[in-house]
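Please examine the model shown below before reading on. The paragraphs that follow move from one side chain to its partner and then to the whole chain.

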Amino acid sequence: MPRSFRFEHFNAPKTTTPSRGLRRRGKQISERRAVDRRFDKEGIHYGRNHAETEEMFQVRAMNAQLEALAGLSPNAPVVPTATNRGQPIGALPAAAEPLVSRQALRDVLDEALRQFRALQSGIQDATKATGRLLSLPMEAARLAAQRIRLVQG
């Protein structure tokens, strides 16, 4: 459908928008209000990275206090000792004396030998009992055959 009027952009009325300066001031005012509302609720918030940085600062400060209490200098190099030289993290320190004495090893060996002999005698008893159980039906058949002979004979 054709228009009932003619539209020419250079004759169109201009919109009533405020000037750039007024728009900028309006944005600044609304931003200030948003910041004020946020500050009233939870205080200034700098973001997660800042929070992590602040936590690390507190950890370092506490470590420095502990070193001061222990009498250690924070910049002193670690002096290699027998406990920290060439050992993997979490390894037990090297002991000056052996972990197990010879007497303890002898006791363990004697106990193992005693247990082995008990197991060996148990196995022998089990084989004898098994042989006896297997021979019982034959024994019963032999006794039955003798009775039958007595009755017939």
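Is E139 buried, partly exposed or exposed? At 35% relative accessibility, E139 counts as partly exposed, where buried means under 20% relative accessible area, exposed over 50%, and partly exposed in between (1.4 Å probe, protein chains only). This is a predicted model, in which local features need pLDDT of at least 70 and side-chain atom pairs count only at pLDDT 80 or more, while totals for chains, interfaces and linings use all residues. Residues are numbered from 1 along each chain as its sequence is written, and side-chain values use heavy atoms, with hydrogens and water left out.

E139 forms a salt bridge with R142, with 2.2 Å between the closest N and O atoms; the term denotes a side-chain nitrogen of Lys or Arg within 4 Å of a carboxyl oxygen of Asp or Glu. R142 is likewise partly exposed, at 42%.

R114 is exposed at 53%, whereas E111 is partly exposed at 31%.

As for the whole chain, the protein has three helices and zero strands, helices being DSSP runs of H or I with at least four residues and strands runs of E with at least two, numbered from the N terminus. Buried residues make up 1% of its 153 residues.
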